[in-house]
Amino acid sequence: MGMHIVIAGAGDMGYHLAEQLSFDNKDITLIDTERDVLDYVASKLDVMVIEGDATSIDVLQQANVQRASMVLAVTTSEKTNIVTAVLAKQLGAKRVMARVRNHSYLNEENLPYFNNLGIDNLISPTMLCSREIFNMIENSSFTEVFDFGSGKLNIVGITLDQFSPLVNQRIMDTKSDPIYEDIRIIAIVRDQKTMIPRGSTIIRNNDHVYFISNKKNTETIQEVLGQKKVKIKNIMIIGGDDMAVTTAIKLQDKYRVTLVNKDKERCKWLAEHLPDTLVINGDYKNIEMLVEEGLEQMDAFLALTESSETNIITSLSAKNHGVYKTIAHVDTREYIHISHSIGVDSLINKKLVAANEISRYLKKGTVEAVSGIYGVDAEFIQYSVNKNNRLTKYPLRALHFPETAIVAGVIRGNEVFIPDGDFLLQMNDKAIVLALPEAKLPLEKLFH
């Protein structure tokens, strides 16, 4: 067996991690106190399950933490996670990570306390989510934005409408346009299926298309698509828990933020803690009320309440009232897959964001970064070329890449390339590969 990984907590986040990691044939043990949750997981995934309290030394030993490469404590209780991580490390686990809620724990100056206890990483889904929302607002014409090589290469996702000049064109017909030297379509999501396009693929109305470009050409994509760039100034957030607060804190310096919450007492607290945000007490399910509070003048609407349904429905209403960019937080996995077809611009799910972040830490040595995409079963994997072998002797087209993968970009020192079939990799190149799950094993063989 390869890596042994122990996950404490079989809720959404633990489940999602186990699912992502089981693709990579890792040996995974999941601990949870609830039998029915474990039965569900065991029926769906190829993992070992143990019923018990993860803070118990017996239970941890039973899960073999002493030979674990990684222990992920991701239950909903912060205290359980910290105790589990500390004990697992004492028992011999190589690396341990704990999911936390308390933001002050994540301050740079406090991290050494946790490292001294043996905890290697702390992770807060809420903080990661706010960071992602902030990125989406900064790059508002796209539904997703990933950057690689500290921003040298961008990958952006966007849904095409019938007015887009690309619709009904074959990919190979776009090649003649010189504009496509620095941007390329690397994936298309259609009817919830991810396709890696070939030259003969025809682009359709409503396709959700991913482009890769070097930083300066991200603007070009907007020109090609005839998307107008909207400057975001006014943002309305509904909700009031942790995520809404963290997000408002991140946005209030740069944008005019209005936060609507239905609880009067909570609004007082929010107003004290968010000096640069306009806090309004009101029932956000009532769209007329939101309109009175300026919904139609908003450039962005963020639905961050605890109800996925409320978030989706209010976002759609906001869209109908002319709001340019809507982002809804959804907790249910089922909704994520239908996001692009419902009409909300972007759906975000904090457990998925966190699971993607963690799976980055877990990839083997040659892999430097991984990004999953919402509702898409492909991920971007960044490999480094660290020895001279077939990879550096033959052009890409001769390397027999799996059909379900594509080399999207290459970073070579300070240069970036968007390679075609004649491209030759060199030592120390970083190759960004978009791969569907079944391509992962052949890719590891190629890059090892």
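This is a predicted model: local features need pLDDT of at least 70, side-chain atom pairs count only at pLDDT 80 or more; totals for chains, interfaces and linings use all residues.
The phi angle of Asn168 is near 70 degrees, a positive value in a residue other than glycine. A positive phi is also found at His400, where the angle is near 55 degrees. His400 belongs to the loop between helix H15 (390-393) and S20, and with a relative accessible area of 68% His400 is exposed.

The chain contains 16 helices and 22 strands. Of its 448 residues, 56% are buried. Among contacts with a separation of 6 or more, 62% are between residues 24 or more positions apart.

An open sheet is built from six strands in the order S3-S2-S1-S4-S5-S6, and the pairing is parallel. Strand S3 (48-51) and strand S6 (121-123) form the edges, each pairing on one side only. Direction ignored, neighbouring strands of this sheet are turned by 15 degrees against each other on average. Thr29 has Met48 in S3 as its bridge partner. Helix H2 (residues 35-44) packs on the sheet and touches S2 and S3. The direction of H2 makes about 175 degrees with that of S3.

Antiparallel pairing is found around S9 (183-190). S9 pairs with strand S11 (residues 208-214) over six bridges in the antiparallel sense, and Ile185 stands opposite Phe211 in S11. S9 is also joined to strand S10 (residues 193-195), again antiparallel, by three bridges. In that pairing, Ile188 stands opposite Met195 in S10. Seven of the eight residues of S9 are buried, so this strand is largely enclosed by the rest of the structure.

Strand S9 also contributes to the largest pocket, as do helix H7 (171-174) and strand S20 (405-412); each of these elements supplies at least two residues of the lining. The space in the largest pocket is about 650 Å³. The lining comprises 23 residues, of which Arg184, Arg198, Ile406, Asp420 and Gly421 are the closest to the pocket centre. By class, 12 of the lining residues are nonpolar, four are polar and seven are charged.

Ser315 lies in helix H12 (residues 308-320). At 0% relative accessibility, Ser315 counts as buried, since the limit for that class is under 20%. Leaving aside neighbours within four places in sequence, Ser315 is in contact with Phe301, Ala303, Thr326, Ile327, Ala328 and Val344.

Conventions
Residues are numbered from 1 along each chain as its sequence is written. Side-chain values use heavy atoms; hydrogens and water are left out. On a 1 Å grid over the protein atoms alone, a cavity is a set of points where a 1.4 Å probe fits but cannot get out, and a pocket is an open set with protein on both sides within 12 Å along at least five of seven lines; lining residues have an atom within 4 Å of a point. Grid points are joined across faces, edges and corners, and a volume is the space filled by probe spheres set on the points. Helices (H or I, at least four residues) and strands (E, at least two) are DSSP runs, numbered from the N terminus. Ala, Val, Leu, Ile, Met, Phe, Trp, Tyr, Cys and Pro count as nonpolar, Asp, Glu, Lys and Arg as charged, and the others, Gly among them, as polar. Buried means under 20% relative accessible area, exposed over 50%, partly exposed in between (1.4 Å probe, protein chains only). Two strands pair if DSSP finds at least two bridges between them. Axes are lines fitted to C-alpha atoms, for helices over the stretch in contact, and angles run from 0 to 180 degrees between N-to-C directions. Contact means heavy atoms within 4.5 Å.
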